[in-house]
Amino acid sequence: MKIFLAQQNYHIGNFESNTAKIISAIEEAKSKGGDLILFSELSVCGYAPRDFLEFNDFIEKCYAAIDVIKQHADGIAVIVGAPDRNKRKEGKDLHNAAFFLCDKEIKAVIHKTCLPNYDVFDEYRYFEPAYDWNIVEYKGKRLAITVCEDIWNLGDNPLYRICPMDELMKFRPDVMLNISASPFDYTHVEDRKAIVKLNVIKYQLPMLYCNSVGSQTEIVFDGGSLVFDKNANMIAHLPLLEEALIGVDLKDDGTFEQPIQQKAVDVPDEELNPLHLDETLSTKEIYDAIVLGIRDYFSKMGFTKAILGSSGGIDSAVTLALACTALGKENVRAILMPSHYSTEHSVSDAEQLSKNLGNPYDIVPIKNVYDSFLTELRPIFQDLPFSLAEENIQSRTRGNLLMAIANKFGYILLNTSNKSELATGYGTLYGDMAGGLGVLGDCYKLQVYELAKYINRNGEIIPDNIITKAPSAELRPNQKDSDSLPDYSILDKVLYQYIERRQGPKEIKTMGYDAALVDRVLKMVNVNEYKRNQFCPIIRVSPKAFGVGRRVPIVGKYLS
């Protein structure tokens, strides 16, 4: 049986585009002698449609798209993902389903059993789990079809009470087929290999795993679809973060005509779960994921041009370089806004960066605007000493100028805040926290430096002085980040333990970190939730990002 995997980039609710893309792949697979083609989870409507699923019109459009697609399931079988109405009165109104199309008909509908309700996933809000399980017989093969999370319920501490593959094994299948929408994080590429391998070893069947690719607001899907033979050898690994279509030839003995790409012994046996922050981990993949996240956010929203504040610091420099790669240098405008406290080299470094990248830039000093604010506020501020209020006026002045230019010329403002700053509240609401998309908001400061090194891998793009100088907001004389925050080499590692690994203060302190520092850092994280709650969407690259995947109370007393 010749089976194709279609790793595609969908647009939520864009039924015309998604349907055309699916049909194009079907026709290409047919022209190459394909017997069966797999598409990813909820491919018809895009993942994750969230509360669009509550609209009957949206569901009707899903069914209408399947009616169009099934006309092309002629001489080839097609597996696509879409919501399916629950035929029973009990439970949620919908199932998350795989539709098996053949001979221009819907031959079978397979419902997802394991509905994830953690991190960025919220599927039990909308879907009812499967009530029953069966295989699909096609061309002499017995197909065990599952949807994404259905293959992840292995191990000593299963999350769900039912493992669908255990149920499907009662029907003696010949091959496992899984359609997924599995998001990127910097550990997940190896995680998927491990989980597919574990399934193959447990059930002693070949597996074909088709994942989606592309960014949907903050969540990036990275593809990396997989084919494993019954001996747990990896036959195919589709490219990361790009669309692809490949075909493999499944033999009757559970192996493939194609050569082995990676032997079973070399495939990871368990998921990657770093116990400590490794800022060097998957830097290239993080870079590529952020570029795709920017590009898809703009293209799917119909935007073309970006603007950002270029300070001569590492965060804005990395953001600018990423945006130029994603959107084209001519479409990214940098605004340099020196104040009383900006050093001369900050301006020259920012200028040199834009010259290296070739993007347009402007210098708009804020001294006069800032002074006018202070003049108008003097009757109220009187002779009170310089404080955070005056610092934040500078930041908000810059935010206003950036938004004014963005509104005037149709730009989208990119936010340059990193995860370390967002975690500790080291940012100004309506100032440097303004923006439509958070580019580095899921990268700790140490990871930002690694991205800068990667950007400079073939020569200096980001000036060396930007990378080597001490970080500073430059809102008061001789200011350094270290005046307010612990050194990033310590701070980021404490934050990682608390945010990614959910370790409490007692556990973190036993790792050797200063007790007072740990208490201070964790308090900063919790008391600044109100700021993050007003922040823009952040491109997710870690296993635990701020945003939809981390939900903590704003008004809470824990560790604060």
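Trainee: Why is F58 called buried?

Mentor: Its relative accessibility is 8%, and buried means under 20% relative accessible area (exposed is over 50%, partly exposed in between, with a 1.4 Å probe and protein chains only). So F58 counts as buried. Before we go on: this is a predicted model, where local features need pLDDT of at least 70 and side-chain atom pairs count only at pLDDT 80 or more, while totals for chains, interfaces and linings use all residues. Residues are numbered from 1 along each chain as its sequence is written, and side-chain values use heavy atoms, leaving out hydrogens and water.

Trainee: And F52, what is its class?

Mentor: F52 comes out at 41%, so it is partly exposed.

Trainee: How many aromatic pairs does a search of the whole structure find?

Mentor: Twelve. Rings of Phe, Tyr and Trp (the six-membered ring for Trp) pair if their centres lie within 6.5 Å; planes under 30 degrees apart are stacked, over 60 edge-to-face, and the rest tilted.

Trainee: What makes the F52 and F58 pair tilted?

Mentor: The ring centres are 5.5 Å apart, so they qualify as a pair, and the planes sit at 35 degrees, so the pair is tilted.

Trainee: What about F298 and F303, which kind of pair is that?

Mentor: Their centres are 6.2 Å apart with planes at 80 degrees, so that one is edge-to-face. The two partners also get separate labels: F298 has 1% relative accessibility, so it is buried, while F303 has 28%, so it counts as partly exposed.

Trainee: Where is G438 placed, and why is it called buried?

Mentor: G438 is in strand β19, residues 437-438; strands are DSSP runs of E, at least two residues, numbered from the N terminus. Its relative accessible area is 0%, so G438 is buried.

Trainee: What does G438 touch?

Mentor: N415, F535, C536, P537, I538 and I539, not counting residues up to four places away in sequence; contact means heavy atoms within 4.5 Å.

Key. Helix = DSSP H or I, 4+ residues; strand = E, 2+ residues; numbered from the N terminus.
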